Amino acid sequence: MTNRRLNVRSEGRTDNILWRCCEECLRLGREDTGAAWYFLVSASVMAYASYEAYLNFIGEKLDPELWKSERQFFSQGEYRGNEGKLDKICELSGARIDKGRRPYQSISKLKRIRETLMHGKPDVREFKLDVKEGETPIFFDLTLWKMVNEAIVSEAVEDVKALCDVIYQAVCD
């Protein structure tokens with residue numbers, strides 16, 4: 001038997017890893033456990049991270065030279081941030097995204113969830129609460145509790161996939 005040396009090129013896709021994490025967290029978030037909400041929060045963050053990684057994956061395919069300086073280019077000017085990346089990708093690929101409707105609006109919700117979590121500012125509330133003797137009060141009313149539930153996260157995850165599919169179709173046509 002003769003040994004052969006093969007030249008292999010492999011491409012790891014961070015967006016795929018993050019997407020699988022998102023799907024698994026969403027699955028666990030749909031289960032009726034005391035920790036379900038925390039998995040939904042995680043699914044939200046993973047969905048947005050996957051979207052961001054997908055923009056970088058597609059952007060590098062469309063304009064490798066530009067994406068070599070991606071951090072610098074998208075940190076200023078007309079194409080700032082992930083919105084700027086999406087705009088540039090649409091410009092390069094011909095993809096058409098209506099930012100005033102789904103699926104893009106769901107991406108905006110995910111971004112707000114991510115920013116609320118990552119910037120970690122306290123959500124301080126002051127109020128009076130009547131509590132019966134011997135009972136433990138439940139008063140969790142954080143902004144994040146209102147932003148994350150199964151319906152919101154499920155819709156947002158579907159919309160991340162839909163938006164990425166629009167981009168993919170434009171790139172492949």
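These legends accompany close-up views of pockets and salt bridges in a predicted model.

**View 1. The largest pocket holds about 370 Å³ of space.** Among the 18 residues lining this pocket, Tyr 48, Glu 52, Gly 81, Asn 82 and Arg 114 are the closest to its centre. Look for four helices here: H2 (36-62), H4 (70-73), H5 (81-93) and H6 (104-119) each give two or more residues to the lining. Helix H6 contributes the largest share, with 5 residues. Sorted by class, the lining has 9 charged, 5 nonpolar and 4 polar residues.

**View 2. The second largest pocket holds about 260 Å³ of space.** Its lining is made of 15 residues, and those nearest the centre are Thr 116, Lys 121, Pro 122, Asp 123 and Leu 144. Helices H2, H6 and H7 (143-147) each supply at least two lining residues. Once again you will meet H6, which gives the largest share of this lining, 4 residues. The classes here are 8 nonpolar, 4 polar and 3 charged residues.

**View 3. A salt bridge joins Glu 70 and Lys 85.** Side chains of opposite charge can pair when their charged atoms come close. In this pair, the closest N and O atoms are 2.6 Å apart. The bridge links distant parts of the chain, since Glu 70 sits in helix H4 and Lys 85 in helix H5, 15 residues apart. Are these two partners buried or exposed? Glu 70 is buried, with a relative accessible area of 17%, and Lys 85 is buried too, at 5%.

**View 4. Asp 159 pairs with Arg 102 in a salt bridge.** The closest N and O atoms of the two side chains lie 2.6 Å apart. Asp 159 is buried, with a relative accessible area of 5%, whereas Arg 102 is partly exposed at 46%.

**View 5. Within helix H8, Lys 161 forms a salt bridge with Asp 165.** Here the closest N and O atoms are 3.2 Å apart. Because the two residues are 4 apart in the helix, about one helical turn separates them. Lys 161 is partly exposed, with a relative accessible area of 44%, and Asp 165 is partly exposed as well, at 36%.

**View 6. Glu 24, Arg 27 and Glu 31 are linked in a network of salt bridges.** Stepping back to the whole structure, a search finds 15 salt bridges.

Methods: Residues numbered from 1 in each chain as written. Predicted model: local features only at pLDDT ≥ 70, side-chain atom pairs only at ≥ 80, totals over all residues. Heavy atoms only, no water. 1 Å grid on protein atoms, 1.4 Å probe; cavity = no way out; pocket = protein on both sides within 12 Å on 5 of 7 lines; lining within 4 Å. Points joined across faces, edges and corners; volume = space filled by probe spheres on them. Nonpolar A, V, L, I, M, F, W, Y, C, P; charged D, E, K, R; others polar. Salt bridge = Lys/Arg side-chain N within 4 Å of Asp/Glu carboxyl O. Buried < 20%, exposed > 50% of the residue type's maximum accessible area, 1.4 Å probe, protein only.
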